[in-house]
Amino acid sequence: MSLTFLMMLFGCLVFCTLAVGGCEGLDVDGTLVLLGNTDFLIETLYLALFTSIATSFLAMYSLKELEAARVGIIQTLSVVVAVAAGGVLVLQETFLIYHAVATVLIVAGG
C-alpha cells in the first residue's frame, strides 16, 4: 500500500470517529438518519472524492512531475481560487474581512 493511501485511510477513520462521537447534538441515531438521506450521501461523496482524495493524489502526482517549489505555489494559490470561485461565485457567500485575513495568512504562510 502506498503512503498516500494509508494517510487517507487514517484521516478517514479519525475524522469519522470524531464526527460520530464528538459532534455536539449528533448521536448514533442522528448519524443513521443522515446516512439514510440520499442528498447527504451524494454531497459527502462529492466532497470526499473530488475535493479531498482527488486533490491529494493529484498533488502527489504533481510532485513526481514538477519541482516541489512550483507545487507549493500552486497548492497555496488553490486556497484563493477555492474562496473566490467556490465560496463567493458559486455559493454566493458573503466575503467578509475574516475571510480576507485567513486567505492572506494562508498565502503568506505557504
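This is a predicted model: local features need pLDDT of at least 70, side-chain atom pairs count only at pLDDT 80 or more; totals for chains, interfaces and linings use all residues.
Reader: Ok, start with α4 and α5. At what angle do their axes cross?

Author: Helix α4 covers residues 68-90 and helix α5 covers residues 97-109. Their axes cross at roughly 160° and come within 8 Å.

Reader: So are they roughly parallel or roughly antiparallel?

Author: Angles over 145 degrees count as roughly antiparallel, and α4 and α5 are therefore roughly antiparallel to each other.

Reader: And is the crossing left-handed or right-handed?

Author: The α4 and α5 crossing is left-handed.

Reader: Which residues meet there?

Author: From α4 there are Thr76, Val79, Val80 and Val83, and they meet Thr103, Ile106 and Val107 of α5. By class, this contact of α4 with α5 has 5 nonpolar residues, 2 polar and no charged.

Reader: Now α3 and α4. What's the angle?

Author: About 150°, with the axes of α3 and α4 8 Å apart. This pair is therefore roughly antiparallel as well.

Reader: Left-handed or right-handed this time?

Author: Right-handed for α3 and α4. On the α3 side the contact is made by Ala59, Ser62 and Leu63, and on the α4 side by Ala68, Val71 and Gln75. Those residues divide into 4 nonpolar, 2 polar and no charged.

Reader: Fine. How much space is in the largest pocket?

Author: The largest pocket holds about 750 Å³. It is lined by 26 residues, and those closest to its centre are Cys12, Phe15, Cys16, Thr44 and Ala48.

Reader: Which helices do the lining residues come from?

Author: The elements that give two or more residues to the lining of the largest pocket are α1 (3-22), α2 (28-35) and α3 (38-65).

Reader: Which one gives the most?

Author: α3 does, with 12 residues in the lining of the largest pocket.

Reader: What classes of residue make up that lining?

Author: The lining of the largest pocket has 19 nonpolar residues, 7 polar ones and no charged ones.

Reader: And the second largest pocket, what's its volume?

Author: About 570 Å³ for the second largest pocket.

Reader: Which residues lie nearest its centre?

Author: Tyr46, Thr51, Thr55, Ser78 and Ala82, out of the 16 residues that line the second largest pocket. At least two residues of this lining come from α3, and at least two from α4.

Reader: How does the lining of the second largest pocket split by class?

Author: It has 10 nonpolar residues, 6 polar and no charged.

Definitions and conventions:
Residues are numbered from 1 along each chain as its sequence is written. Side-chain values use heavy atoms; hydrogens and water are left out. Axes are lines fitted to C-alpha atoms, for helices over the stretch in contact, and angles run from 0 to 180 degrees between N-to-C directions. Helices (H or I, at least four residues) and strands (E, at least two) are DSSP runs, numbered from the N terminus. Angles under 35 degrees count as roughly parallel, over 145 as roughly antiparallel, 65 to 115 as roughly perpendicular and the rest as oblique. A crossing is left-handed if the near helix is turned anticlockwise from the far one by less than a right angle, and right-handed if clockwise. Contact means heavy atoms within 4.5 Å. Ala, Val, Leu, Ile, Met, Phe, Trp, Tyr, Cys and Pro count as nonpolar, Asp, Glu, Lys and Arg as charged, and the others, Gly among them, as polar. On a 1 Å grid over the protein atoms alone, a cavity is a set of points where a 1.4 Å probe fits but cannot get out, and a pocket is an open set with protein on both sides within 12 Å along at least five of seven lines; lining residues have an atom within 4 Å of a point. Grid points are joined across faces, edges and corners, and a volume is the space filled by probe spheres set on the points.
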